Amino acid sequence: MSDDDIQELRSRFAREAMRLMERRGEEVTRTKLAAELGVARARLDAVFPEEGDLLEAVTGEWFAPKLAVMDEVMASGLPPRRKMYEFIARRFLLLRQNYRDDPATFNLYVEMGERYFEYARSYIDLADHYLCELIAEAQAEGYLQGLEVDTALSIINQMVNCYLQPYMIAMIDERLSEEKLALIVGAIFDGLNAKDGGAGGTQDIRAA
């Protein structure tokens, strides 16, 4: 088989594995998938030489829609404030819809993501890379002044964490909204910088 043929089969088999997981509510191995599809185990082994290769392909299929919206936002000509909001909000909406469509399957993917984090790492790193680009664009227009890009990245990720972490969406779904997220992004652009605003530096707490 050519590389293109193998990649096409990887995607198709991974999607079949995901459908099987959704029906059974459990992880799928190559053996289970071969039995379900009625294909020879050797055919699956040719596409997924190791068990982890199937899990990696499933991870890729799960992240694909999230990557697509990130790429779309990054290619847009939106101003930095709106661009950062869209970069976060569109992924949030996808994740929230995934959860609301099928909470049990969503939680299964969350549990798998925790167990096989190494397969998700590259996608998370790409999201951070894109966010660094957005931070640089914002700084070029006078926002986030005085902050190192890595520092701004860490702070912003902490501020929007509950909108992008699947387990947080499953935990507090009803408390999250696009309107609140827009206010958070507004606060990032209006107030986040390296100046000492007086909140830090005290050594103890005293009565007024």
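**View 1. Lys83 in helix H5 of a predicted model.** In this predicted model, Lys83 lies in helix H5, which covers residues 80–101; helices here are DSSP runs of H or I with at least four residues, numbered from the N terminus. Lys83 is buried, because its relative accessible area is 4%, and buried means under 20% relative accessible area, whereas exposed means over 50% and partly exposed lies in between, with a 1.4 Å probe and protein chains only. Leaving out residues up to four places away in sequence, Lys83 touches Val73, Met74, Ser76, Leu78, Leu134 and Glu137, where contact means heavy atoms within 4.5 Å. Residues are numbered from 1 along each chain as its sequence is written, and side-chain values use heavy atoms, with hydrogens and water left out. Because the model is predicted, local features need pLDDT of at least 70 and side-chain atom pairs count only at pLDDT 80 or more, while totals for chains, interfaces and linings use all residues.

**View 2. Phe87 and the largest nonpolar core.** A nonpolar core is a set of buried Ala, Val, Leu, Ile, Met, Phe, Trp, Tyr and Cys residues joined through side-chain atoms within 4.5 Å. The largest such core has 65 residues, and of these Met84, Phe87 and Ile88 touch the most other members. Not counting residues up to four places away in sequence, Phe87 touches Met70, Val73, Met74, Ala127, Tyr130, Leu131 and Leu134. In soluble globular proteins, nonpolar side chains tend to be buried together.

**View 3. Helix H5 beside helix H8.** The axes of H5 and H8 come within 9 Å and cross at roughly 30°; axes are lines fitted to C-alpha atoms, for helices over the stretch in contact, and angles run from 0 to 180 degrees between N-to-C directions. H5 and H8 are therefore roughly parallel to each other, since angles under 35 degrees count as roughly parallel, over 145 as roughly antiparallel, 65 to 115 as roughly perpendicular and the rest as oblique. On the H5 side, Met84, Ile88, Arg91, Phe92 and Leu95 meet Ile156, Val160, Tyr163 and Leu164 of H8. By class, this contact of H5 with H8 has eight nonpolar residues, no polar ones and one charged, where Ala, Val, Leu, Ile, Met, Phe, Trp, Tyr, Cys and Pro count as nonpolar, Asp, Glu, Lys and Arg as charged, and the others, Gly among them, as polar.

**View 4. Helix H7 across helix H8.** Helix H7 (residues 117–140) packs against helix H8 (residues 149–164) at an angle of about 110°, with the two axes 10 Å apart, and H7 and H8 are therefore roughly perpendicular to each other. Asp128, Leu131, Cys132, Ile135 and Gln139 of H7 make the contact with Val149, Ala152, Leu153, Ile156 and Asn157 of H8. The residues of this contact of H7 with H8 divide into seven nonpolar, two polar and one charged. The loop between H7 and H8 contains Leu144, a residue other than glycine whose phi has a positive value, near 55°. Leu144 counts as buried, because its relative accessibility is 2%.

**View 5. Tyr163 and the pairing of helices H8 and H10.** The axes of H8 and helix H10 (residues 178–191) come within 11 Å and cross at roughly 175°, which makes H8 roughly antiparallel to H10. The contact is made by Ile156, Met159, Val160 and Tyr163 of H8 and by Lys180, Leu181, Ile184 and Ile188 of H10, and the residues of this contact of H8 with H10 divide into seven nonpolar, no polar and one charged. Tyr163 counts as buried at 2% relative accessibility. Leaving aside neighbours within four places in sequence, Tyr163 is in contact with Ile88, Phe92, Leu95, Ile169, Leu176, Ser177, Lys180, Leu181 and Ile184.

**View 6. Met168 in helix H9.** Met168 is found in helix H9, residues 166–172, and counts as buried at 19% relative accessibility. Apart from neighbours within four places in sequence, Met168 is in contact with Asn161, Cys162 and Asp173.

**View 7. Val58 in helix H4.** Val58 is found in helix H4, which covers residues 51–74, and counts as buried at 4% relative accessibility. Val58 and Ala17 are 41 residues apart in sequence, with their C-alpha atoms 7.4 Å apart in space. Not counting residues up to four places away in sequence, Val58 touches Ala14, Ala17, Met18, Met21 and Tyr109.

Key. Helices (H or I, at least four residues) and strands (E, at least two) are DSSP runs, numbered from the N terminus.
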